[in-house]
Amino acid sequence: MRALAVVNCRQLVTLAGPARPRVREELKQLAIVRDGALLIRDGSIEQTGARADLERKIGPEYDMVDAGGRVVMPGFVDAHTHPVFAGNRVDEYEQRAGGATYEQIAAAGGGIRSTVRKTRAASEDELFDSAQRRSEWFLRTGTTMIEAKSGYGLSLESELKMLRTIRRLNEAGPLQYVPTFLGAHEVPDEYRGRTDEYAQIVMNEMLPKVAQEKLAEYCDVFCEPEIFDASAATRILSAARRWGLGIRIHADQLSRSGGGEVAAAVGATTADHLEHIDEAGIQALHSAGVQPVALPGSVYALGLKQFAPARSMIDTGLAIVLATDFNPGSSPTPSIPFVLSLAGTHMHMTPAEAVTATTINAAYSVGRGARLGSLEPGKQADFVIHDCEDYREIAYFTGIEPAFETYIRGERVYSRQ
Ligand code: NIG
Ligand code: FE
């Protein structure tokens, strides 16, 4: 593979720094090089620096990319998505516009269960094709890797179908996927009122097969009193740990479910949503070294008011992550730039903090911190040229997509032209 030199970067946002998730003041330190250049060889970053210093190293073997005075930064890592599903839920969107709530629609058989019915009826090829079309949406918004959950199958066969689809999507590329098993996303129609029995199926039938076939790196549970309460979530996630999976959890989203404490008790990597977490819950996450993943896109799309308390998480020293929660119901956006905007307008996070939360911190939260999330020598060359002069514009202008070109392993995978 040839070498590549990216020059004329008005701001080269490297996020170079300690080899661990960033906390407190570190969240604001983006290690920006003005008029920077980026040298790449065999898909990895060889060197970064000021153009003046690197220019004489650029020999004839380098292909040149002129960034045109734009901003260059790492590809976004979206650490929480549900990208494989059939159909969509525009009808429910219309009902919510008329005043129905997400919970009312779910109780009447809609919500997650309506996507489950459609996803069960779809073939693996249909799921692959529709997700592959949507994968372009991520690349064009500057995302190069997504964590992807199952959870619209809710039977052994359909959960395996979803996870095999995610595996195929990752092999096909160019978007990169980290697979998570979410068999405990909801209680399916045929087990209504028999949550414990369904949890047994998840633990005794699904988990062993998922682990043996190495179809997932993480296991997740939707922890809510009406769905899987704290004790059911603890049982399922403890079983997943015994199978060697990492742990993530939908916690304290619609109510104070105690999911934060469950995350701490089972040694989760992340606790996600957390709109209703309190100070005690934040302290529990801190003591156990759990990364919070805030998902403001779902608060926005459900028309709610209460966002995750990002400031107190940061003040406590948590290594915060922001993600889209892309899914057909509660968060139909794949756009991290939109999430950066919501973080600024509703969570009092600065653009720098939000960028750290969607790059290096997000990469650590999916077990890829040593390879992704910053532009440093030896790391994979996943980067984006954004069509602006100052990285803060990405969080400021909304309704436009700033990505100009997206690269994965030094290969261009999206171009606006
Ligand atoms: O993260 N909270 C549960 N799961 C998704 C919603 C998925 C759906 O509505 O289809 C979420 O918001
Ligand atoms: Fe989710």
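What area is buried between domain 1 and domain 2, and what percentage of that area do carbon and sulfur atoms give?

Analyst: This is a predicted model, in which local features need pLDDT of at least 70 and side-chain atom pairs count only at pLDDT 80 or more, while totals for chains, interfaces and linings use all residues. Residues are numbered from 1 along each chain as its sequence is written, and side-chain values use heavy atoms, with hydrogens and water left out.

Domain 1 covers 3-75 + 373-415 and domain 2 covers 76-365, with bounds from an automatic or database domain assignment. Their centres, taken over C-alpha atoms, are 29 Å apart. Domain 1 brings 34 residues to the contact and domain 2 brings 34 residues, where contact means heavy atoms within 4.5 Å.

About 2,800 Å² is buried between the two domains, and carbon and sulfur atoms give 67% of that area. Buried area is the accessible area (1.4 Å probe) lost by two parts on being put together, summed over both.

Between domain 1 and domain 2 there are 0 salt bridges, a salt bridge being a side-chain nitrogen of Lys or Arg within 4 Å of a carboxyl oxygen of Asp or Glu. Polar contacts join 12 residue pairs between the domains, with both residues at pLDDT 80 or more. A polar contact is a pair of N or O atoms within 3.5 Å; within protein, one must be able to donate a hydrogen and the other to accept it, and residues adjacent in sequence count only if both atoms are side-chain atoms.

Terms used:
Chains are lettered from A and ligands numbered from 1 in the order in which they are written.
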